[in-house]
Amino acid sequence: MQKLKIVALNSALFTLLKRPGGASPPGRVRDGDSFVLSFADCSSALLSLRPQGNAAVGWDNSPASSQSCSMALCPPVPSRHGSVKAEDTFKTSPFHLDLWFYFTLQNWVLDFGRPIAMIILPLEWFPLNKPSAGDYFHMAYNVITPFLLLKLIERSPKTLPRSMVYVSIITFVMGASIHLVGDSVNHRLIFSGYQHHLSVRENPIIRNLKPETLIDSFELLYYYDEYLGHSMWYIPFFLILFIYFTGCFTPVAGQSRMPVAALLLVGPSSLYYWYLVTEGQIFILYIFTFFAMMALVMHQKRKGLVLDSNGLFLFYSFIITLLLIALWVGWLWNDKILRKKYPGVIYIPEPWAFYTLHMNNLHPSKGGL
């Protein structure tokens, strides 16, 4: 009689544990499947099979016994929406040479190189009323950069806040697209004599426009380019880099070193960040991000954690960038014309303002507005 009851109990438990889409192979739960049998489900199933007499298979009415039965026979399986992964426990990823190389290369070619391509390539190929070569570079940048940032986040050994990453990527694309339009017009104005080291109203080709409301339109265009576009572009950009940086720590001191490939890339990467900060006029955003990195490094060091190779690459790039900015500002410290355009405590001239002031004689005006 006891054997029959045990067989019936096993059959009932198998029915409860059986998945709706069919049973999984023994000892295996397919990825993405999740189920948790509650204590009430297990208890009701067991009580329905409980013998009426006391001569049963050792049943016990105590809560501890019921709970141990529930825990033993109905083990919970983590849900697919669990906030912590098992592999998050200080798993260190190798240096992402491919991503960092592609990231640095496309930054130099598609971002830094776009205004250069616009000036060097013949104007007949890209008329002033059509997108320039630099505009197509910018379009490619707006697609490739967010893709590489997402791949970088995917390779992080730590589970990062995905919702924040997705919102940042969306804002990044929107801001970079706004900047694409404003920057395209502003750089095309160089061929008409526009001087970047002067304000919009002080430019010779702008100040005499009639009606004067046209000047307001150009100032609005400048606002979209230099303020709104840059803010929506660079704030999520640095936020994503910092989010990724939070997952670049390891308890193994031997893994806190940069390979030769990283040492070769840190120079070009730092030089690009110098261009990004100076041309984008985002020194405050950059320095706050850098201070946040330093604070995080010191906080994690108290826990016995050090930066891995990817974290060191990013951190050293920001340090060298700060040194390059200091050299740039020191070189142009006594430039009175640039001082007039960039008044205030934070004096960081734009490279393109320096170009139109001191080097634009290599590319004279090619027509009127």
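Biologist: At what angle do helix α8 (residues 213–245) and helix α10 (residues 283–302) pack, and how does that angle class the pair?
Modeller: This is a predicted model, so local features need pLDDT of at least 70, side-chain atom pairs count only at pLDDT 80 or more, and totals for chains, interfaces and linings use all residues. Residues are numbered from 1 along each chain as its sequence is written, and side-chain values use heavy atoms, with hydrogens and water left out. The axes of α8 and α10 are 10 Å apart and meet at an angle of about 10°. That angle makes α8 roughly parallel to α10.

Biologist: How are those terms set?
Modeller: Helices (H or I, at least four residues) and strands (E, at least two) are DSSP runs, numbered from the N terminus. Axes are lines fitted to C-alpha atoms, for helices over the stretch in contact, and angles run from 0 to 180 degrees between N-to-C directions. Angles under 35 degrees count as roughly parallel, over 145 as roughly antiparallel, 65 to 115 as roughly perpendicular, and the rest as oblique.

Biologist: Which residues make the contact, and how do they divide by class?
Modeller: Contact means heavy atoms within 4.5 Å. From α8 come Tyr234, Ile235, Phe238, Phe242 and Phe245; from α10 come Leu285, Tyr286, Thr289, Ala292, Met293, Leu296 and Val297.

Biologist: How much of the chain is helix over residues 136–153 and over residues 311–333?
Modeller: Both ranges are among those that the unreviewed UniProt entry annotates as "transmembrane region". Such annotations may be inferred rather than shown by experiment. Residues 136–153 span 26 Å between end C-alpha atoms, at 0% strand and 100% helix. Residues 311–333 span 33 Å, at 0% strand and 91% helix.

Biologist: Which helix gives the largest share of the lining of the largest cavity?
Modeller: On a 1 Å grid over the protein atoms alone, a cavity is a set of points where a 1.4 Å probe fits but cannot get out; lining residues have an atom within 4 Å of a point. The largest cavity holds about 90 Å³, and of its 14 lining residues the closest to the centre are Arg114, His179, His230, Tyr275 and Glu279. At least two residues each come from α4 (97–120), α6 (162–188), α8 and α9 (260–280). The largest share, 4 residues, is from α9.

Biologist: Which helix gives the most to the lining of the second largest cavity?
Modeller: This cavity has about 70 Å³ of space. Its lining includes Arg114, Asp135, His138, Asp183 and His187. Two or more residues come from each of α4, α5 (133–154) and α6. The most, 4 residues, come from α6.

Biologist: Which helix gives the largest share of the lining of the largest pocket?
Modeller: A pocket is an open set with protein on both sides within 12 Å along at least five of seven lines. Grid points are joined across faces, edges and corners, and a volume is the space filled by probe spheres set on the points; here that space is about 600 Å³. Of 27 lining residues, Tyr222, Tyr227, Gln281, Tyr342 and Glu350 lie nearest the centre. The largest share, 7 residues, belongs to α8.

Biologist: Where does Gln281 lie, and what is its phi?
Modeller: Gln281 is in the loop between α9 and α10. Its phi is positive, in a residue other than glycine. The value is near 55°.

Biologist: Which peptide bond is cis?
Modeller: Look at the loop between α7 (204–207) and α8, where Pro211 sits. Omega is near -5° for the bond from Lys210 to Pro211.
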